[in-house]
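Here is a friendly walk through one protein model, meant to be read with the coordinates open beside you. Please load the structure and follow along.

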Amino acid sequence: MNAEEKEYLDFLRVKAHSLLKEKRVKHVEGVEALSAAMARVYGEDEYSARLAAMFHDCAKKMSLSEQLEVCEKYGYTPDEYERESESLLHSKAGALIARYEYIVPAEVSEAIKWHTTGKENMTKLEKIIYLADMIEPTRDFPGVDEIRREAARDLDSAVIMALERTIDHCRERGQSVHPNSVKALEFLKKGRKQ
Ligand SMILES: [Fe+2]
Ligand SMILES: [Fe+2]
């Protein structure tokens, strides 16, 4: 990252954090720091990783109807799961806000878009944001340290662990699992066998 990029990130960070509830700032800071570290380890662009991380939850404070309005304004049609869940739709609305109101590059917006469910054939940046969101230092759940260790060693293997954990967790609680998470997991596992 050059000095100009760093300065621009410092400028945008203030705006990005102003969109968050106070209590979520620490989480977003954790995602940014971890995404930047993983970007360095795995040869991804640190500027893009920081940008995606700082905006990834920018629609989290909105109500479902506000998120739906954002989607309609920018021409995204939510699927049947997203229409009923602000916790799923915040990633789609957030990606649109980042793209059209803060003019982040398309690949950064995509990483925001897929940070909750994952998807088939994720880019490296998408994997980093997905994973950092789940295991940044303030996260605490059984098995998180195991995923953290794996994230320092093998990105795909850590994403597989994170997806499996999320899918199991949803099923245990009787919640529906978004098909994109299942597809993301199948895709990564298939790639490993070849
Ligand atoms: Fe999120
Ligand atoms: Fe998050």
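## The nonpolar core

In this predicted model, the largest nonpolar core holds 48 residues. The residues with the most contacts inside that core are Ala-52, Phe-55, Leu-131, Ala-132 and Ala-162. Helix α7, which covers residues 124–135, contributes the most to the core, giving 8 residues.

Setting aside neighbours within four places in sequence, Phe-55 is in contact with Ala-16, Gly-94, Ala-98, Tyr-102, Val-104 and Ile-112.

## How α1 meets α3

Two numbers are handy for this pair, since packed helices are described by the angle between their axes and the distance between the axes. Helix α1 (residues 3–18) and helix α3 (residues 46–55) pack at an angle of about 5 degrees, and their axes are 10 Å apart. Because angles under 35 degrees count as roughly parallel, α1 is roughly parallel to α3.

Sorted by class, the contact of α1 with α3 has 7 nonpolar residues, 3 charged ones and no polar ones.

## A mostly covered helix

Next, look at helix α6, residues 106–113. Of its 8 residues, 6 are buried, so the helix is mostly covered, taking buried to mean 20 or more other C-beta atoms within 10 Å of a residue's own. The buried residues of α6 are Val-108, Ser-109, Glu-110, Ala-111, Ile-112 and Lys-113.

What lies over them? The cover for the buried residues of α6 includes α3, α5 (86–101) and α7.

## The chain as a whole

Stepping back, the protein chain has 10 helices and 0 strands. Its radius of gyration is 16 Å, close to the 16 Å that the globule rule gives for 194 residues, so the chain is as compact as a globular protein of that length. Along the principal axes, the C-alpha trace spans about 40 × 40 × 30 Å.

Buried residues make up 39% of the 194 residues. Among contacts between residues at least 6 apart in sequence, 58% join residues at least 24 apart.

Key. Residues are numbered from 1 along each chain as its sequence is written. Chains are lettered from A and ligands numbered from 1 in the order in which they are written. This is a predicted model: local features need pLDDT of at least 70, side-chain atom pairs count only at pLDDT 80 or more; totals for chains, interfaces and linings use all residues. Axes are lines fitted to C-alpha atoms, for helices over the stretch in contact, and angles run from 0 to 180 degrees between N-to-C directions. Helices (H or I, at least four residues) and strands (E, at least two) are DSSP runs, numbered from the N terminus. Angles under 35 degrees count as roughly parallel, over 145 as roughly antiparallel, 65 to 115 as roughly perpendicular and the rest as oblique. Ala, Val, Leu, Ile, Met, Phe, Trp, Tyr, Cys and Pro count as nonpolar, Asp, Glu, Lys and Arg as charged, and the others, Gly among them, as polar. The radius of gyration is taken over C-alpha atoms; the globule rule is 2.2 Å times the number of residues to the power 0.38. A residue is buried if 20 or more other C-beta atoms lie within 10 Å of its own, exposed if 12 or fewer, and partly exposed in between; C-beta atoms are placed from the backbone. Two residues are in contact if their C-beta atoms, placed from the backbone, lie within 7 Å. A nonpolar core is a set of buried Ala, Val, Leu, Ile, Met, Phe, Trp, Tyr and Cys residues joined through C-beta atoms within 7 Å.
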